[in-house]
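This report walks through a few local features of one model, from a helix and its packing to a ligand shell and some individual residues. The reader may wish to keep the structure open alongside the text.

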Amino acid sequence: MLPSAQPYNKPMIKRAIPKSGEMLPVVGIGTYDTFNVGPAAPERAELKQVLLDFAAIGGSVIDSSPMYGEAERVVGDLTGELNNRDKYFFATKVWTSGKQAGVRQMEESFKLMRATRMDLMQIHNLLDLDVHTQTLRDWKTSGKIRHMGITHYHAGAHAELETLVKTNTYDAVQFNYSLTEREAETRLLPTCLDSGVAVIVNRPFAQANLFGRVKGKPLPAWATEFDCTSWAQFFLKYLLGHPAVTCVIPGTRRVAHLKDNMQAGMGRLPDAAMRRRMLEYWRTL
Ligand SMILES: NC(=O)c1ccc[n+]([C@@H]2O[C@H](COP(=O)([O-])OP(=O)(O)OC[C@H]3O[C@@H](n4cnc5c(N)ncnc54)[C@H](OP(=O)(O)O)[C@@H]3O)[C@@H](O)[C@H]2O)c1
């Protein structure tokens, strides 16, 4: 298996996790739904190519969770087969209640993902937050995990995320942000920037809903001014144009979509004035 031919002549942009200084490529990949396939599923062949091309093009952040069915196992199996674990930044989550249940679940994630270290462990949807925060602190001190974070998927939790970001406890926060879900722009994103907490954007396409609105519609000619050649890149570059955003994690099971999405992390990004123009245009669609 070889990386497919790539037309890219620009490097992937990287941004730092402020608290550790580690540089992350700005386009990662999510695994919810897309990587939830069984051991003998024919879809595994394309997912393996997706992971190979992802690394070859310059990606590294893979986001998973025990909530995503078989996804952690598929990531572990396929990166094991590719024998290229060192190319990736593994992020997963704890999603249960109780200290021992959390420890057991996270140990299982290590096994499934075949990880000897976890680059980022996140508390999924803030479930049993205080209990897991203590475990993550201990595991970070002992070196079992490298970064700790919190996640949510809904704007109803943004006020709580904002309070937590200010406590200086977490290296990263993951939440929903897209052209149709812009609530984070008011307070949460500026707070993350001020507090030096890395931002990982989930649901950047609002679970593919954004594509429905632009079906059959051409990109505006001025999209070339920020090196944008597709709607997927338009949607992702809008998010990456925000200075608080460290990384976006679109989910895909398709090599063609992966290659499209990765190009959003290359070339020019829109500045504040261009982002306003993009938003105005989006509202006319
Ligand atoms: N609470 C949490 O912590 C939380 C909640 C939600 C999500 N997440 C994380 O965030 C990740 C991203 O969110 P998501 O997967 O729910 O939604 P998303 O990334 O907004 O959208 C994924 C959908 O977009 C499609 N797609 C991807 N690239 C495309 C392209 N270039 N052109 C056309 N369609 C494209 C995919 O279909 P194809 O497979 O056909 O490409 C898939 O159906 C998740 O996978 C997960 O890792 C975390």
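## The two sides of helix α5

The exposed residues Ala159 and Thr163 are carried on the face of α5 that is turned away from its buried side. The model is a predicted one, and in it the buried residues of α5 are His158, Leu161, Glu162, Leu164 and Val165. Viewed down the axis of α5, these buried residues fall within an arc of 165°, so they line one face of the helix. As a general point, an α-helix has 3.6 residues a turn, so residues three or four places apart point the same way.

The cover over the buried residues of α5 includes strand β7 (148–151), strand β8 (172–176) and helix α6.

## Packing of α5 with α6

Two packed helices are described by the angle between their axes and the distance between the axes. For helix α5 (residues 158–165) and helix α6 (residues 188–195), that angle is about 10° and the axes are 10 Å apart. Because angles under 35 degrees count as roughly parallel, α5 is roughly parallel to α6.

On the α5 side the contact is made by His158, Leu161, Glu162 and Val165, and on the α6 side by Leu188, Thr191, Cys192 and Ser195. By class, the residues of this contact of α5 with α6 divide into four nonpolar, three polar and one charged.

## The ligand shell

The ligand is surrounded by 29 residues, of which Gly30, Tyr32, Thr151, Asn202 and Gly251 are the closest. Helix α9 (residues 255–262) provides the largest share of this shell, namely three residues. Sorted by class, the shell around the ligand contains 14 polar, ten nonpolar and five charged residues.

## Gln122 in strand β6

Gln122 lies in strand β6 (residues 120–123), and it counts as buried because it has 28 C-beta neighbours inside 10 Å. Apart from its neighbours within four places in sequence, Gln122 is in contact with Ala91, Lys93, Gly149, Ile150, Thr151 and Gln174. Of these contacts, Gly149 is 27 residues from Gln122 in sequence, yet the two are 4.3 Å apart in space, C-alpha to C-alpha.

## Two residues with positive phi

Most residues other than glycine have a negative phi. Asn168, in the loop between α5 and β8, has a positive phi near 65° although it is a residue other than glycine; with 10 C-beta neighbours inside 10 Å, Asn168 counts as exposed.

Ala206, placed in the loop between β9 (198–202) and α7 (209–214), also is not a glycine and has a positive phi of about 50°. Ala206 is partly exposed, with 17 other C-beta atoms within 10 Å.

Conventions: Residues are numbered from 1 along each chain as its sequence is written. This is a predicted model: local features need pLDDT of at least 70, side-chain atom pairs count only at pLDDT 80 or more; totals for chains, interfaces and linings use all residues. A residue is near a molecule or strand if its C-beta atom, placed from the backbone, lies within 6 Å of it. Helices (H or I, at least four residues) and strands (E, at least two) are DSSP runs, numbered from the N terminus. Ala, Val, Leu, Ile, Met, Phe, Trp, Tyr, Cys and Pro count as nonpolar, Asp, Glu, Lys and Arg as charged, and the others, Gly among them, as polar. Axes are lines fitted to C-alpha atoms, for helices over the stretch in contact, and angles run from 0 to 180 degrees between N-to-C directions. Angles under 35 degrees count as roughly parallel, over 145 as roughly antiparallel, 65 to 115 as roughly perpendicular and the rest as oblique. Two residues are in contact if their C-beta atoms, placed from the backbone, lie within 7 Å. A residue is buried if 20 or more other C-beta atoms lie within 10 Å of its own, exposed if 12 or fewer, and partly exposed in between; C-beta atoms are placed from the backbone. The arc is that of the directions from the helix axis to the C-beta atoms.
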